[in-house]
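Have the model open while you read.

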Amino acid sequence: MIFFRLLSRLPLGLLYGLADFLYFLLLHVVRYRRKVVIENLQLSFPEKSPSEIHRIARGFYRNLTDLIVETIKMPTLPAEELRQRVRFTNADLVKEQLRSGQAVIGMASHSSNWEWIPSASVLNGMPTDSIYKQLNSPFFEKLMQSVRASFGAVPVPMNTLPRRMVAQKDVPRIIALVADQVPDVPEQAYWTNFLHRDTPFYPGTERLARSRDLPVFYTELRRIRRGYYEVTFTLIGQPPYKALPPGAIMENYRDLLEETIRKYPSDWLWSHKRWKHWRGKYAKVGAKLD
């Protein structure tokens with residue numbers, strides 16, 4: 001832990017030098033999940049040439065290594081600098097809901113630097129619960145909790161979310177989820193076509209929105225240049241939900257996420273084994289979301 005704290009105190013410019021070294025190491029020496037990355041890209045973009053696929057892959061490794069050092073830096077990054085580095089294009093869309101006393105759900109993805117967004121939201125007047133899957137390593141779990149708690153964001157393990165919802169039911173805030181993760185129980189997942197393949201998504205986000213009558217916003221993050229990002233919110237679900245078909249929120253999220261990935265393909269987490277489950281393997285292939 002002390003090592004990472006000391007590393008965090010280095011200027012971001014020096015940390016980007018470390019990122020450049022990690023880029024070379026992961027891409028050319030370790031070849032970190034290179035087969036997974038290339039296969040995911042080929043199946044997601046069948047229309048692209050081999051040279052285009054490898055260009056996107058190189059960009060992915062650049063993004064990944066920048067993400068690593070930027071995450072390390074966050075606890076010691078000055079608040080004003082983080083405000084400058086993460087710009088919200090339409091924060092009033094969410095703030096209007098919060099001012100009315102309403103909590104909202106923010107559906108983000110593994111795109112660009114998602115780790116900075118909860119803290120940047122807090123600094124821009126939007127209290128945020130950052131929902132996450134716990135890590136197996138106690139050391140890295142403690143490290144990431146300290147990082148994610150920067151500037152007053154509240155890291156909430158996914159398995160404690162129901163209790164948190166009861167305890168904070170009247171507290172206006174963003175309930176932020178990285179919603180493109182692989183479900184732990186694919187038999188109970190919400191399945192849909194995503195990037196040309198049957199893909200399972202966690203059904204809990206839509207269930208939570210419907211059960212609590214919470215508005216849902218897609219959170220698009222794009223890299224403007226190295227270390228600078230832009231966040232845009234899009235309303236994809238608004239109560240009352242009785243007239244909205246089951247699965248509509250997930251389909252809206254899927255559509256906008258796919259659009260984001262096609263616009264900024266190198267920024268998504270292609271090393272993730274997103275398609276390790278096969279829909280036909282499971283007897284139950286669709287969660288009920290109404």
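## Salt bridges and a pocket

The count comes to 20 salt bridges, where a salt bridge means a side-chain nitrogen of Lys or Arg within 4 Å of a carboxyl oxygen of Asp or Glu. Keep in mind that this is a predicted model, in which local features need pLDDT of at least 70, side-chain atom pairs count only at pLDDT 80 or more, and totals for chains, interfaces and linings use all residues. Residues are numbered from 1 along each chain as its sequence is written, and side-chain values use heavy atoms, with hydrogens and water left out.

| Salt bridge | N to O distance |
|---|---|
| Glutamate 230 and arginine 87 | 2.1 Å |
| Arginine 279 and aspartate 198 | 3.7 Å |
| Arginine 223 and aspartate 267 | 3.7 Å |

Start with the bridge between glutamate 230 and arginine 87. Glutamate 230 sits in strand E9 (residues 228–237) and arginine 87 in strand E1 (residues 86–88), so this pair ties together parts 143 residues apart in sequence. Helices (H or I, at least four residues) and strands (E, at least two) are DSSP runs, numbered from the N terminus. Glutamate 230 is buried at 12% relative accessibility, while arginine 87 is partly exposed at 44%; buried means under 20% relative accessible area, exposed over 50%, and partly exposed in between (1.4 Å probe, protein chains only).

Next, arginine 279 bridges to aspartate 198. Arginine 279 is in the segment after helix H11 (248–263) and aspartate 198 in strand E7 (residues 197–201), so the pair ties together parts 81 residues apart in sequence. Both count as partly exposed, arginine 279 at 26% and aspartate 198 at 37%.

What about arginine 223 and aspartate 267: buried or exposed? Both are buried. Salt bridges with shared partners join Asp20, Arg62, Asp66, Arg223, Arg226 and Asp267 into one network.

Now for the second largest pocket, which holds about 360 Å³ of space. A pocket here is an open set of points on a 1 Å grid over the protein atoms alone, where a 1.4 Å probe fits, with protein on both sides within 12 Å along at least five of seven lines; lining residues have an atom within 4 Å of a point. Of its 18 lining residues, Met158, Leu161, Leu177, Gly204 and Thr205 are the closest to the centre. Helix H9 (161–167), strand E5 (174–178) and helix H10 (204–212) each give two or more residues to the lining, and H10 has the largest share, six residues.

Conventions
Points joined across faces, edges and corners; volume = space filled by probe spheres on them.
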